[in-house]
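Hello,

Here is the structure I promised to pass on. Please have a look, then read my notes below.

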Amino acid sequence: MKRTILILLVSLAVLMTALPASAGAFGKAKAGQQWQLGLTEFKSGNPAGAITYWTDSSVVKYYADDPGYFFLLGSAYAHVGNGDKALECAQKGLALHPKDNNLVGNLQWVRGRAYIILKQYDAAIAAAQSAIAAQPQDFNNYLLLAQADFSEKRYDQVITAAKRSVELKPSPNGYLLAAASFWKKNDPDTALRVARKGLALAPQNPDLLMLVGRLNTEKLDFDASLEAYSKAEAVHAKDSAVSVQYALYFGGKYDEALSRCLKTVQDAEDGRVGVTLMTIPQGPPAVATVVPNSPASEAGLLPGDWICEVDGQKTYKGAFHITPLMTAEEVVSKLKGPPGSSVTLKILRPGKILRFDKTLVRKTMVFSDEANEFALESLCYIEKKDAEHALAAAQEAVKLKPSEFWPELALGFALLQEERYDDALKAFDTKTTSPTASLLYTLAHLQTGRALCYAGKGNLQKAADIYIAAAGHTDRRYVPGWEQRSSLLNLLAPLAKSHADKAKQLEGEGRYAESLPEYTQALQLAGTEAEAADLRGALFSAASKMPTPPELPESARVRVVRGEALMKDGDLKSAVPEFNDAIQQAPYIPKLYYNAAILNGKLKRYSEAIRLMKIYIQGAPDAPDVRAAKDQIIRWDLEKERLKANAPQF
């Protein structure tokens, strides 16, 4: 498509110099001048300026019957975000019935881009398919189709279109769309492999780096996520700085995380103009939000405005294929300065095609978007046992963004550290919306905080109930949550011991069925894997002494039935927590471990499958399928080796 665009530009320029004599010398000269001025603006990265010249009556007069003219004009409208005008141009060009398939494909591409801008995704999909029919070898058309399908959450179709696109011409955007779709399909391993292929083409692509960081965060590989986020920060990717801070915190590197938070807080004391920025697709840095009563608000800036220049420095170049000269983060850094100093911006307002200069006077401001960084500062102080600073930072975070996950979490732990248990519970119990809802270990962290409050109030059983409900989502790799878990289990140790002692007493009296719930309670509060292994052994021993094998409790049976139904429907991942809950409620039933092991094996979670199968063998050493279970472990070990050596190809 890019080559076709260049051909059209040259052809139209040539045609402009060869207008028929009957057109009139004056009209011909004016049209040619307006066209060339617009062409210069378009090539220099000012599609709005090109539109101004190309819609001059003299140009329209001579090109009203040229579909190539409508393609270029429509492209310019698409680049400034004016979907209605872009669509109008594409429709006019197609109504002229161009014979050239490349031109037809290009017009359909503009039509598809217009529909995406207008959020009419079904129509965008149809236009992209028409573009593909006209230009089946143009990778851009498949990218357009993938983008439209992604907006409609048709992830299988996105993967198909993106795969065809990269077969024709490997591109970072093709791999990005595919990787994001695998992620949405709950296949983070394949998503990572595909994203890394994109990074092999473009090692500094900010979107791919941020996606790799997020995927590794969800996998609890915080060293890998920190590496990706740090690289993204080096190219000033949006949100990369705060992502680095959280990766440091999740990995237990509190001093480094705190140092960066304090620098951010110090930056907030600089003079600013009151905008947050974004980088729009195929466009320059643009205004995302405008803070009320800020210098930007008083100057009349609006969300969506393009920032073309900062103090005379251009932020991008090019027209159809825009090349950023500054990232949004770099522009933000240039907008900061001493309070009272000024900065001059050249602004383009898409849609209305306005271009104007504004001089803004900086002033000290704190944005609500910085709430999470104040929250993280507080959480780091909590780990360093600095209650005073922890509470002050948490209160600032909640002030900026009340009822948000991280500010409320920080406030809850800060109040907990001061032994204000009822106030802490109010913070923890606030109906928050977590920005990391898929990161269940962070939600388990909050539940651990609630449990610590009840333990501090002396209600150990309530604390244990809360902890047990969330324990399946704790993981030692998420360091802050694991450390808080250790503190809680230390407080609950007397309760765990009382259950274990009671279980041994009942077992000694031959009351084996009654000992099982006590052993189960003690197992659920085990502080180490060694303790857990000993308690499971005691459970299995007590169960084996019963005249008849213990029955599955009704609550656990419900979980098993739900899990089996989900497996039958092919929703294996949703079945996992069902079987895990059944095991937690009845850890003395060996078959539950076997079923969970097989399920994890089907999901290619071989390490977990092997662990569970070994527990099954421990619990049922004389079962007729023990030999088969041992052989299955051997096969899973082999599959682990193969998985590393033969990663699925995209």
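**Overall picture**

Among contacts between residues at least 6 apart in sequence, 60% join residues at least 24 apart. Keep in mind that this is a predicted model. The protein holds 32 helices and 10 strands. Its C-alpha trace spans about 115 × 60 × 35 Å along the principal axes. There are 650 residues, and 51% of them count as buried. The accessible surface comes to about 29,600 Å². Carbon and sulfur atoms account for 52% of that surface.

I looked at two helix pairs here, with H12 in both.

Take H11 and H12 to begin with. H11 covers residues 172-184 and H12 covers residues 188-201. Their axes come within 8 Å and cross at roughly 165°. That angle is over 145°, so H11 is roughly antiparallel to H12. H11 passes H12 in a left-handed crossing. From H11, the contact uses Pro 172, Tyr 175, Ala 178, Ala 179, Phe 182 and Trp 183. They meet Thr 190, Ala 191, Val 194, Ala 195, Lys 197, Gly 198 and Leu 201 of H12. By class, the residues of this contact are 10 nonpolar, two polar and one charged.

Now H12 and H13. H13 runs over residues 206-218. It packs against H12 at an angle of about 155°, with the axes 10 Å apart. This value too is over 145°, so H12 is roughly antiparallel to H13. The crossing of H12 and H13 is left-handed. On the H12 side, the contact is made by Pro 188, Ala 191, Leu 192, Ala 195, Arg 196, Gly 198 and Leu 199. On the H13 side, Leu 208, Leu 209, Leu 211, Val 212, Leu 215 and Asn 216 take part. This contact has 10 nonpolar, two polar and one charged residues.

Most residues other than glycine have a negative phi. Which residues depart from that here? Lys 153 has a positive phi of about 60° although it is not a glycine. Ser 403 also has a positive phi of about 60°, and it is not a glycine either.

Lys 153 sits in the loop between H9 (139-151) and H10 (155-168). Its relative accessibility is 63%, so Lys 153 counts as exposed. Ser 403 lies in the loop between H20 (387-400) and H21 (405-417). At 35% relative accessibility, Ser 403 counts as partly exposed.

**Lys 602**

One more residue to check. Lys 602 is found in helix H30, residues 590-602. Is Lys 602 buried or exposed? Its relative accessible area is 52%, and the cut-off for exposed is over 50%, so Lys 602 is exposed. Leaving aside neighbours within four places in sequence, Lys 602 is in contact with Met 567 and Leu 572. Gln 618 is 16 residues from Lys 602 in sequence. Their C-alpha atoms are 22 Å apart in space.

Over to you.

Best wishes

Note on methods. Residues numbered from 1 in each chain as written. Predicted model: local features only at pLDDT ≥ 70, side-chain atom pairs only at ≥ 80, totals over all residues. Heavy atoms only, no water. Axes fitted to C-alpha atoms, helices over the stretch in contact; angles between N-to-C directions. Helix = DSSP H or I, 4+ residues; strand = E, 2+ residues; numbered from the N terminus. Parallel < 35°, antiparallel > 145°, perpendicular 65-115°, else oblique. Left-handed = near helix turned anticlockwise from the far one by under 90°. Contact = heavy atoms within 4.5 Å. Nonpolar A, V, L, I, M, F, W, Y, C, P; charged D, E, K, R; others polar. Buried < 20%, exposed > 50% of the residue type's maximum accessible area, 1.4 Å probe, protein only. Areas by Shrake-Rupley, 256 points an atom, 1.4 Å probe, with all protein chains shown as cover.
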